[in-house]
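Let's take a walk through this structure together. Please have the sequence and the coordinates open as you read.

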Amino acid sequence: MERIAAVLPLNQVWPDDFAARYRAAGHWRGETFPGVLRARATERPDALAIIGGDQRWTYADLWARAEAAAAGFLGLGLRPGDRVVVQLGNIAEFFSTVFGLFRAQMVPVYALPGHRLTEIAHFATKAEAAGYVCADRGADGFDYRVLARQLRDGVPDLRHVVVVGDAAEFTPFAGLDGDRAALPGDPDPSSVAFLQISGGTTGLSKLIPRTHDDYLYSCWASNEICGVNAESVFLCALPAAHNFPMSSPGHLGALHAGARVVLSPTPSPDVAFPLIAREGVTITGLVPPLALLWAQSAAATKHDLSSLRVLLVGGAKLTPEAARRVQDAMPDCRLQQVFGMAEGLVNYTRLDDPDAIVLETQGRPISADDEVLILDDQGNPVPDGQPGNLLARGPYTIRAYHNDAAANARSFTPDGFYRTGDIVCRTPEGYLVVQGRAGDHINRAGEKISAEEIEDHLLAHPNVFDAAVVSVPDEYLGERSCAFIIPRGDRPRAVALKAWMRTRNIADFKVPDQIVLVESFETTAAGKISRKELRARLRARLLEQEAEQ
Ligand code: OOB
């Protein structure tokens with residue numbers, strides 16, 4: 001007999017009166033991911049759904065492949081309710097995998113292609129995952145089967161590894177099939193559909209349970225705001241597992257609309273521009289540094305980008321000057337700013353907003369039922385135009401992380417508002433302008449890095465006495481990471497320390513961009529100060545020194 005350990009159930013619960021209100025308002029419609037795909041496959045079986053590499057799948061193809069994968073997952077011994085870490089890049093099989101899992105009532109845990117053993121083992125352990133799906137190799141050549149072997153050794157409860165491509169000793173994804181009669185019915189719309197990964201402001205990433213009802217609402221409501229319909233062609237240029245290209249309005253919005261999803265293996269203009277021209281892409285989403293790169297390349301390209309009507313930019317702050325540059329470079333394509341978070345709340349500028357709003361704000365919430373508070377540090381509301389802490393509650397904003405009492409106590413108020421950690425101002429028209437954030441993470445071109453997590457890694461080095469990691473403004477990345485190190489014994493060299501960080505099996509974007517060795521943090525005069533204040537002082541000192549040069 002195979003041992004199946006009891007796992008903690010997943011849930012995401014809104015108080016009854018809120019749930020009743022969201023249903024009555026028509027936000028939660030009782031739809032589910034497998035139900036939506038089945039409906040589209042019935043209504044428009046021959047319409048193209050997914051275009052990736054040399055694959056062109058219709059809605060009927062995608063549904064058939066999802067059912068085969070679902071039956072195959074069950075046939076392996078995975079059970080409804082099991083969590084499965086999915087680490088796939090922008091390939092068609094991402095969709096047959098996740099819809100296969102939905103169809104079998106299993107729960108994908110979305111990892112990014114850049115994550116490495118340390119992060120994947122954390123997600124698998126925290127989610128009590130029973131399976132892992134990866135590709136043989138990534139777009140960058142990384143061999144995920146090596147990671148899978150180490151993962152299986154380190155996380156014994158993870159029973160199944162399924163590999164897209166050459167599976168070596170693991171289960172090949174292409175061979176998955178089984179008894180369709182064994183497939184369960186559709187899940188409860190208020191059940192958890194998948195786990196997203198938090199940006200991780202403090203320490204390691206937290207798991208974000210999202211329900212069918214709440215997430216589908218954010219997808220179809222985003223379609224209305226971004227003008228997505230069955231004729232749209234959405235280019236997924238950012239990693240498909242990230243919340244932004246998934247739901248704003250993203251590939252799941254596009255599939256909800258019966259539209260077409262085109263997958264770009266990388267967001268670089270050399271790869272994405274020919275795809276836009278060939279497939280008649282109408283809408284896509286980018287982080288600010290990529291939007292600037294596209295703006296520059298668009299001026300000189302020979303590829304026809306005239307089909308592109310909407311360019312969403314978000315994940316990190318797009319300054320008004322950068323916004324102007326992007327809009328000017330692509331005058332026929334409307335810029336739309338999006339400020340969202342995997343925990344829920346998403347804001348958009350609207351397609352018919354005047355330029356001043358599109359260029360200078362990060363938009364306003366999707367829903368009339370999104371409740372937004374902007375509070376000072378004592379918890380009092382600040383007047384419009386003044387910066388304050390953003391808190392949010394609503395029909396697609398979570399009430400709790402999975403199995404993390406300490407984070408929940410920190411991140412949610414007793415009456416259920418999520419503390420976003422962002423500092424914003426509200427304009428008289430109700431639009432939000434992001435000013436910065438309260439927490440200590442680095443937003444490196446849209447990738448969120450927890451200072452604490454990186455400090456912890458650095459402290460494991462024998463020649464590091466203490467470490468403080470801060471964000472520094474960067475012309476290209478928006479922000480880069482800088483680690484201040486107090487050495488112990490031999491002074492470590494920056495290059496050697498970076499190389500050593502790479503051996504920690506962490507995502508490459510977490511390796512500090514800059515390392516500064518210091519004799520002390522010079523905090524004695526002020527007595528004991530918090531790490532938050534220490535990081536702020538070190539950052540200020542570095543910026544002063546740079547300004548003097
Ligand atoms: C998106 O989601 P996450 O979970 O990776 O990161 C959320 C955080 C926000 O709390 C904020 O600090 C920052 O990313 N952020 C922005 C921003 N959009 C996100 N900061 C300034 N300006 C913006 N436009 O990044 C995400 C999720 C859904 C849609 C778009 C982005």
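Which residues of H4 are buried? They are Glu-93, Phe-94, Phe-95, Ser-96, Thr-97, Val-98, Phe-99, Gly-100, Leu-101, Phe-102 and Arg-103.

## About the model

This is a predicted model, in which local features need pLDDT of at least 70 and side-chain atom pairs count only at pLDDT 80 or more, while totals for chains, interfaces and linings use all residues. Residues are numbered from 1 along each chain as its sequence is written, and side-chain values use heavy atoms, with hydrogens and water left out.

## An enclosed helix

Helices (H or I, at least four residues) and strands (E, at least two) are DSSP runs, numbered from the N terminus. Just after H4, Gln-105 takes a positive phi of about 60 degrees.

## Where the two domains meet

The domain assignment, which is automatic or from a database, gives domain 1 (59-187) and domain 2 (441-548) in the protein chain. Their C-alpha centres lie 35 Å apart. Domain 1 gives 7 residues to the contact and domain 2 gives 10 residues, where contact means heavy atoms within 4.5 Å.

Between them, the two domains bury about 520 Å², 50% of it on carbon and sulfur atoms; this is the accessible area (1.4 Å probe) that two parts lose on being put together, summed over both. In domain 1, Arg-116, Thr-118 and Glu-119 lose the most area to domain 2, together 58% of what that side buries. The rule finds 1 salt bridge across this interface, a salt bridge being a side-chain nitrogen of Lys or Arg within 4 Å of a carboxyl oxygen of Asp or Glu. Lys-510 forms a salt bridge with Glu-119, and the closest N and O atoms are 2.8 Å apart.

Asn-347 sits in strand E15 (residues 344-348) and counts as buried at 0% relative accessibility. Leaving aside neighbours within four places in sequence, Asn-347 has contacts that include Phe-339, Arg-364 and Leu-432.

Asn-403, between strand E18 (388-393) and helix H14 (405-411), has a positive phi of about 45 degrees and is partly exposed, with a relative accessible area of 42%. Asn-505, between helix H16 (494-502) and strand E25 (514-517), has a positive phi of about 55 degrees and is partly exposed at 31%.

Technical notes. Buried < 20%, exposed > 50% of the residue type's maximum accessible area, 1.4 Å probe, protein only.
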